[in-house]
Amino acid sequence: MARHADERIAGPRVRLPRRVVENPLRQVGKRLLMALGVLLLTVVIVYVDREGYHDNANETLDLLDCFYYATVTLSTTGYGDIVPYSDSARLANILLVTPLRVLFLIILVGTTLEVLTERTREEFRLNRWRSTLRDHTVIVGFGTKGRSAIQTLCATGLRKDQIVIVDPSTKVIETANADGFVGVIGDATRSDVLLRAEVQRARQIVIATQRDDTAVLVTLTARQLNRGAKIVAAVREEENAPLLRQSGADAVITSASAAGRLLGLSVLSPSAGTVMEDLIQQGSGLDLVERPVTKSETGKSVRETDDLVVSVLRGHRLLGYDDPAASPLQLTDRVITIVRAAAPVTPLSTPPED
């Protein structure tokens, strides 16, 4: 419940990966304090040399008159009822008060221009991002599972600007921004949050939430908004996997059961467990890769290819390498092969716990 607090207060927001400037209200507050400091300094200068000023009302200047003169002078109003007449007062106005007047105007005008410029720039970047985003990947949940999924996707060549993170925690999205990803702060079970992530134009959606019931709701919402996207969801309990598939998920990964099977395999054969862990860790050692059949491989047996073919995907049928129907290979087939990884991938920063 705590992770949803930020989203309930501020509503869903898109956070681009570049570091956001200081809060505009805080900027204005600092500039006002600076302007007040300039005003007080001017009052001190005038008060010290108050004998050199002439007031049309009562001849002499008190502290209130000095504040009045400083105010109308710095704001360039200049009523002319209080004027410097001594040489020292006029020299102070030339050398001190006039530069302070210019500084005062720069502070006030500069604050307005900076705030408006920054807001306009951020709005322009956001609109440009929305207009160019197509066939991207939406990751719901930036915990251990979500970050591991991103690690694998980036290892296959997916660019960071093609990934959008959705998470209810502001701190988590700030971490995603630091890693170079666009983030949307909000509850992914709500359609308006997913629409901010442009889920309706996404090619694939990865759902890696902490709770299984949340995963079901996110899957239902995402499938309603995008009928054609590939949706992959993770669940903790295997009994919830059929419910995820009925909700619209194309593939469901049972995280607890998968980890348990890998543990059991490692107990029976530590080497086999090491190989399996290597296969599912993209970008190092051996990798599982799905690719189309090349023209040179068409008509050949699965054992005659250069790569080690594990399965053949023909239409909606997944054929094992030893299935007689898998050979000969057809040009429209796709093969799942074991290949040597090209190069290691730079890891992301330390992930938060799920």
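What covers the buried residues of α8?

## Helix α8 and its cover

The cover of the buried residues of α8 includes β4, α7, β7, β8 (230-235) and α9, where helices (H or I, at least four residues) and strands (E, at least two) are DSSP runs numbered from the N terminus. The buried residues in question are D212, A215, V216, V218, T219, T221, A222 and R223; buried means under 20% relative accessible area, exposed over 50%, and partly exposed in between, with a 1.4 Å probe and protein chains only. The end C-alpha atoms of α8 are 20 Å apart, which agrees with the 20 Å that its 14 residues should span at 1.5 Å a residue, the expected span being 1.5 Å times one less than the number of residues.

## Basis and overall figures

The structure is a predicted model, in which local features need pLDDT of at least 70 and side-chain atom pairs count only at pLDDT 80 or more, whereas totals for chains, interfaces and linings use all residues. Residues are numbered from 1 along each chain as its sequence is written, and side-chain values use heavy atoms, with hydrogens and water left out.

The protein has 11 helices and 13 strands, and of its 354 residues 38% count as buried. Among the contacts (heavy atoms within 4.5 Å) with a separation of 6 or more, residues 24 or more positions apart account for 66%. The protein exposes about 20,100 Å², of which carbon and sulfur atoms supply 59%; these accessible areas come from the Shrake-Rupley method with a 1.4 Å probe, and for residues only the protein chains shown count as cover.

## Salt bridges

A salt bridge is counted when a side-chain nitrogen of Lys or Arg lies within 4 Å of a carboxyl oxygen of Asp or Glu, and by this rule the count comes to 12 salt bridges. One of them joins R223 and D250, whose closest N and O atoms are 3.0 Å apart. This pair links distant parts of the chain, with R223 in helix α8 (residues 212-225) and D250 in the loop between α9 (241-247) and β9 (251-254), 27 residues apart. R223 counts as buried because its relative accessibility is 11%, while D250, with a relative accessible area of 48%, is partly exposed.

A second salt bridge brings together the side chains of D333 and R314 at 2.7 Å, N to O. D333 lies in the loop between β12 (317-320) and β13 (334-340) and R314 in strand β11 (residues 308-314), so the pair ties together parts that are 19 residues apart in sequence; both D333 and R314 are buried.

The side chain of H136 reaches the backbone oxygen of A197 at 3.0 Å. Neighbours within four places in sequence aside, the residues in contact with H136 include Q162, V164, E198, R201 and R203. E198 and R201 are in turn linked with R130 in a network of salt bridges.

Strands are taken to pair if DSSP finds at least two bridges between them. β11 and β13 run antiparallel and are joined by 5 bridges, with R334 in β13 as the bridge partner of L313. β11 and β12 pair in the antiparallel sense over 4 bridges, and V312 has L319 in β12 as its bridge partner. These two strands, β11 and β12, form a hairpin with 2 residues between them, and G315 in the turn has a positive phi of about 70°.

## Backbone geometry

Most residues other than glycine have a negative phi, and most peptide bonds are trans. D135 has a positive phi, near 50°, and is partly exposed with a relative accessible area of 42%. E198, in the loop between α7 and β7, has a positive phi near 55° and counts as buried at 7% relative accessibility.

A cis peptide bond joins S327 and P328, with omega about 0°, and P328 has its place in the loop between β12 and β13.

Conventions. A polar contact is a pair of N or O atoms within 3.5 Å; within protein, one must be able to donate a hydrogen and the other to accept it, and residues adjacent in sequence count only if both atoms are side-chain atoms.
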